Amino acid sequence: MNEHEKLLVILRQSADADIVAAIDRLIQDAPDHELNRINALAFAAKHGFDDDRVIAAFLHASRLGLFEMSWNVLCPGCGGVLDTGISLKSVNREEYTCALCSAGYEPTLDEMVEVTFTVNPRVRKIAAHDPDTLPLHEYARQIFWGSGLNLPQDFERMMEEIVLDAVELPPGERAIMSLQLPAEFVIVFEPVTHAAQFIDVQGEPTRERQSLSLVINETHPQNQTLTLRPGPLRISIENRTNRRALPSVWVAGDALHEMLKQRRAFLTAKRLLTNQTFRDLYRTDTLDIDQRLKITSLTFLFTDLKGSTQLYERVGDLVAYDLVRSHFQVLNEIVASESGAVVKTIGDAVMATFPTPDHAISAALRMREAMRQLNEERGSEDLLLKIGIHEGPCLAVTLNDRQDYFGQTVNIASRVQGLAMSRSIFATGAVVENQRASQIIAKQGLHPALQKTSLRGLNDEFSVYEIP
């Protein structure tokens, strides 16, 4: 039994056996490019597996050393990878610029940071472990573009249609490309350093040779768009970096734009941060103490037990402790099963996050029913759960050596929970009016009652729904 087979045996103890078998087949039989920057959601869809179980399996596999996780900052325009690192700590710039799109973006964890998995070279050596050996089309597919771009099966043929000319340029070397410019918008693009020069080809064709000189360096400053005429062009290129470059001339026409439209779901940093398995495995290695990363939409759920102090007085410390512990266990299981994660517990209260409002609403309704069943089993009304939910923007931060969240959305969710009485679920309009969340509520035959109220610390009147 080799090393990776031993690790798979261990993995089966913590991950779904069918998923582990599919991972084993992937490692054994897949072509190289399928083992680089694996899209966990695409893997789940391909095999008909549950997303969260697949994510959990790849997280456990990475912890064992079968795969290496990478956190990739993406361009929301073209889907290209602007930066990559082995943890979220590498996302440390206020703005990332995409030369191909000629645009800058402030990073958010919703759709601009993906998490992918690459097979460990000790398990199987693939070409992408040495990216400077990849030809242009494979470098573009495996290194430049992220896993959310659904590249076609005939990708190499499509690249031949898009790329007019290309050259492999070692460090410190120079090269000359000679080509005929078509009457289209053209980009001289270098995917290793992300350098780009735009050329607007227009006007009457010319037979006179036009010339262009480009220097590739690590700073790759944004160049102004040049206007040239259709006809012959001579491009002199110098590589002043310490690694191989792949300068090429792309036609920014229908073929390229159509290819860039083909997208698929991918594992975002936001979703991973709200995954219970990730929080359990990587709780102390997520963010640096001074990082503040934006999330444009996250759903917070707060719970608390009504009358827990009286509960301890009524049934005694030992019985009350066991009851409260059972209640925490049930809540944790429900949160994890709804693609959420428990951020922390505060006394008898829970703070949890979910990627979307529908998951939070589903979890809240299940929590309430679970507490009803526990009370029914005991023949008492000891566990009366109060729940508050709100959705909105926030910051991912580190507090008390733990990955946490900060912002007004968190404050509102906590104060909405404070409005709840026994067995109450209170949620803001951002949650109840979410299409999928409202469908879940309607399916249960429930009719949320709108209340206008004030929340501590907020000046304006606030709209909150009570879900009976």
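The largest nonpolar core of this predicted model has 91 residues. Phe67, Leu88, Phe117, Trp145 and Tyr405 have the most contacts inside that core. What does phenylalanine 67 contact, leaving aside its neighbours within four places in sequence? Its partners include Ile23, Ile27, Ile38, Phe58 and Ala61. Phe117, Thr118, Val119 and Asn120 are also among them, as is Ser62. Another core lies apart from the largest one and holds 33 residues. Val335, Ala364, Ala437 and Tyr465 are among its members.

**Domains**

| Domain | Residues |
|---|---|
| domain 1 | 3-132 + 139-145 |
| domain 2 | 159-261 |
| domain 3 | 287-467 |

**Where domain 1 meets domain 3**

The centres of domain 1 and domain 3, taken over C-alpha atoms, are 32 Å apart. Nine residues from domain 1 and 10 residues from domain 3 make the contact. The size of an interface is often given as the accessible area lost when the parts come together. Between domain 1 and domain 3, about 890 Å² is buried. Carbon and sulfur atoms give 52% of that area. Which residues of domain 1 lose the most area to domain 3? They are Lys89, Leu109 and Asp110, which together account for 50% of what the domain 1 side buries.

Now the polar side of this interface. One salt bridge is found across the interface of domain 1 and domain 3. Glutamate 106 and lysine 294 meet through their side chains in a salt bridge, at 3.2 Å from N to O. Seven residue pairs are in polar contact across the interface. On the side of domain 1 that touches domain 3, four residues are nonpolar, one is polar and four are charged.

Methods
Residues numbered from 1 in each chain as written. Predicted model: local features only at pLDDT ≥ 70, side-chain atom pairs only at ≥ 80, totals over all residues. Heavy atoms only, no water. Domains from an automatic or database assignment. Contact = heavy atoms within 4.5 Å. Buried area = accessible area lost by both parts, 1.4 Å probe. Salt bridge = Lys/Arg side-chain N within 4 Å of Asp/Glu carboxyl O. Polar contact = N/O pair within 3.5 Å; in protein donor to acceptor, adjacent residues only side chain to side chain. Nonpolar A, V, L, I, M, F, W, Y, C, P; charged D, E, K, R; others polar. Core = buried A, V, L, I, M, F, W, Y, C linked by side-chain atoms within 4.5 Å. Buried < 20%, exposed > 50% of the residue type's maximum accessible area, 1.4 Å probe, protein only.
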